[in-house]
Amino acid sequence: MALNWTMLKPDRTPVPLPGELTIMTVESGAEVSLTIPDVPPAGSSPSGGSGGGRKLNGTGKLFLTDHRLIFVSGGDSTNTGFNTLNLPFESILSTKFEQPYLGSNYLSIDIRPSPDGGLTSGTKSEIRLKNEGIFQFVSLLEKTRERAIYMRRQIKDEEDTLPAYASPSQGPSRGGGTPVDAPPGYEE
């Protein structure tokens, strides 16, 4: 997860990664707030700092792709502190659909920061949509994220379980090319 690292085209849309497909775009009215705790003191647990932190807010567009969730600010003065937010699915630790008694529904996200990405451990985000309901967006995000994680695990499992093959010329042999494990009575 990285703050202000997303590469943008001149029209302020994200430059896609190789093979990346955009699944859904929220064109306007996406409100994103980030709560970034202070860096933990040296030698302490990584679960938080001295109780302080900073809060950043932005309004703009959301892009859901098959690899990541991207926020791009509208570029106006209502944003405090960040222009883009890049959330690869492996950086999303957990999500929770919140339905408060007072106020609008929102999505709460616990984030694992990338090294040198501008965030610290314990960073949280809240996403609200002003111009449309958020339930459809949350549902699509969860399905896309689950599928991406499943596919990544499948590829890793296939890589881990493939047997190593050796061609007959590379295998162990006895002198003149007779394999060591040749059946009895097999001679060159």
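**Charged pairs**

User: What makes the meeting of lysine 96 and glutamate 98 a salt bridge?

Analyst: The distance decides. Their side chains come to 3.8 Å, N to O. A salt bridge needs a side-chain nitrogen of Lys or Arg within 4 Å of a carboxyl oxygen of Asp or Glu, so this pair qualifies. Keep in mind that this is a predicted model, where local features need pLDDT of at least 70 and side-chain atom pairs count only at pLDDT 80 or more, while totals for chains, interfaces and linings use all residues. Residues are numbered from 1 along each chain as its sequence is written, and side-chain values use heavy atoms, leaving out hydrogens and water.

User: Why is glutamate 98 called partly exposed?

Analyst: Its relative accessibility is 21%. Buried means under 20% relative accessible area, exposed means over 50%, and partly exposed is in between (1.4 Å probe, protein chains only). Glutamate 98 therefore counts as partly exposed.

User: How many salt bridges does the rule give?

Analyst: The count comes to eight. One of them joins lysine 61 and glutamate 27 at 3.6 Å, N to O. Lysine 61 lies in strand β3 (residues 53–65) and glutamate 27 in strand β2, so the pair ties together parts that are 34 residues apart in sequence. Another joins lysine 124 and aspartate 110 at 2.6 Å, N to O. With 43% for lysine 124 and 24% for aspartate 110, each counts as partly exposed.

**Strands side by side**

User: How do you know that β7 and β8 pair?

Analyst: Two strands pair if DSSP finds at least two bridges between them. Strand β7 (residues 106–111) and β8 have four, and they run antiparallel, so they pass. Serine 108, for example, stands opposite glutamate 126 in β8. β8 also pairs with β2 (residues 22–37), in the antiparallel sense over six bridges, and there alanine 30 stands opposite leucine 129. The strands themselves are DSSP runs (E, at least two residues), and helices are runs of H or I with at least four, numbered from the N terminus.

User: Which residues of β8 are on its covered face?

Analyst: They are Ser125, Ile127 and Leu129, while Lys124, Glu126 and Arg128 make up the uncovered face. In a regular strand the side chains alternate between the two faces of the sheet.

**The core and the helix**

User: Which residues of the largest nonpolar core touch the most other members?

Analyst: Among its 28 residues, they are Leu34, Leu62, Ile127 and Phe137. A nonpolar core is a set of buried Ala, Val, Leu, Ile, Met, Phe, Trp, Tyr and Cys residues joined through side-chain atoms within 4.5 Å. β2 gives the most to this core, six residues. Isoleucine 127 is in contact (heavy atoms within 4.5 Å) with residues including Leu62, Leu69, Tyr106 and Ile134.

User: How far does α1 reach from its first C-alpha to its last?

Analyst: It reaches 39 Å over 27 residues, close to the 39 Å expected. The expected span is 1.5 Å times one less than the number of residues. Its buried residues include Phe137, Leu141 and Ala148, and the buried residues of α1 pack against β2, β3, β4, β6 (92–98), β7 and β8.

Terms used:
Lists of a residue's contacts leave out its neighbours within four places in sequence.
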